[in-house]
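Biologist: I should like to learn how to read a structural model step by step. Would you take me through one?

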Amino acid sequence: TSGLIRGIGKATAGRIYDKFGDNTMSIFENDIEKLLSVKGISQKTYKKIKCSYEEAHISKDVMQLLYPFGFSAKNIFRICKVIKQDPVSKIEANPYILCDIKGITFQMADAMSAKYGINKEDYRRILAAIKEALKINNVTGSVGMTREDLIKQIKHISGVYNDIFIWKSIISAIKNGQISYRKKKIDN
């Protein structure tokens, strides 16, 4: 019922689930022709569903991984389009890679960090907080921030209050080409 698969509305989704139950995703992935046995699915509708499902193929494993953390089907679809090769192990290794995908916030990825034992001061987490701070700043129309404002925003986002650690993380992100930096002279 997420709207990702054309040809499946609420009623059709209910009939599919009534027929296949917990095996529904398996049917889609391994034996999609069985949808023809569901009342109301004609050959034409089946072709529309099959084509749409193949376009929007969402790995069952990715869904099972992300749904418990509140990710919507549309977000999961977007994630699968961006991370095509082995998304589950990549996300488990670093859930913060999700922050680079449109519609995914630091808080969404951060909710997963405890499950994977990621420390509050892990560089991957702080890098995601840096990018989130810059992303939030960009929404206001600004393309840059002062050092002080950036650190303040990162503290607010991450809950990490060690200025020296945050600054060293910013410097590392600049050196690694993960963010850009330009010194600007302020006229008095």
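This is a predicted model: local features need pLDDT of at least 70, side-chain atom pairs count only at pLDDT 80 or more; totals for chains, interfaces and linings use all residues.

Biologist: Which residues of α9 are buried?

Modeller: They are Leu150, Ile151, Ile154, Ile157 and Ser158. Viewed along the axis of α9, the buried residues fall within an arc of 130 degrees, so they line one face of the helix. An α-helix has 3.6 residues a turn, so residues three or four places apart point the same way.

Biologist: Which exposed residues does the face of α9 turned away from its buried side carry?

Modeller: That face carries Glu148, Lys152 and His156, which are exposed.

Biologist: How does one check the length of α9 against expectation?

Modeller: One compares the expected span with the distance between the end C-alpha atoms. Helix α9 comprises twelve residues, 147–158, and at 1.5 Å a residue it should span 16 Å. Its end C-alpha atoms lie 16 Å apart, in agreement with that value. Just after α9, Gly159 adopts a positive phi of about 75 degrees.

Biologist: Where are the buried residues in helix α1?

Modeller: In α1, residues 10–20, the buried positions are Thr12, Ala13, Ile16 and Phe20. They cover an arc of only 100 degrees around the axis, which places them on the same side of α1. The other side of α1 has Lys10, Ala11 and Asp18 exposed. Among the elements that cover the buried residues of α1 is α2 (24–30). Just after α1 comes Gly21, with a positive phi of about 55 degrees.

Biologist: Which residue has a positive phi although it is not a glycine?

Modeller: Asp86 does, with a phi of about 50 degrees. Asp86 is placed in the loop between α5 (73–82) and α6 (87–93). Its relative accessible area is 49%, so Asp86 counts as partly exposed.

Biologist: Is Pro87 buried or exposed?

Modeller: Pro87, which lies in helix α6, is buried, with a relative accessible area of 12%. Pro87 and Asp61 are 26 residues apart in sequence, and their C-alpha atoms are 8.9 Å apart.

Biologist: What does Phe165 touch, not counting residues up to four places away in sequence?

Modeller: Phe165 touches Glu121, Ile126 and Val160 on that basis. Phe165 belongs to helix α10. Its C-alpha atom is separated by 9.5 Å from that of Tyr123, a residue 42 positions away along the chain.

Biologist: Let us turn to the cysteines. How many disulfides are there?

Modeller: The general idea is simple. A disulfide is a covalent bond between the sulfur atoms of two cysteines. A pair counts as a disulfide if its sulfur atoms are within 2.5 Å, and by this rule the count comes to zero.

Biologist: How many helices and strands does the chain have?

Modeller: It has ten helices and zero strands. Its radius of gyration is 22 Å, well over the 16 Å that the globule rule gives for 188 residues, so the chain is more spread out than a compact globule. Along the principal axes, the C-alpha atoms fill a box of roughly 75 × 35 × 25 Å.

Biologist: What can be said of burial and contacts over the whole chain?

Modeller: Of the 188 residues in the chain, 38% are buried. Among contacts with a separation of 6 or more, 48% come from residues 24 or more positions apart. The chain exposes about 11600 Å², of which carbon and sulfur atoms supply 51%.

Technical notes: Residues are numbered from 1 along each chain as its sequence is written. Side-chain values use heavy atoms; hydrogens and water are left out. Helices (H or I, at least four residues) and strands (E, at least two) are DSSP runs, numbered from the N terminus. The expected span of a helix is 1.5 Å times one less than its number of residues. Buried means under 20% relative accessible area, exposed over 50%, partly exposed in between (1.4 Å probe, protein chains only). The arc is that of the directions from the helix axis to the C-beta atoms. The radius of gyration is taken over C-alpha atoms; the globule rule is 2.2 Å times the number of residues to the power 0.38. Contact means heavy atoms within 4.5 Å. Accessible areas come from the Shrake-Rupley method with a 1.4 Å probe; for residues, only the protein chains shown count as cover.
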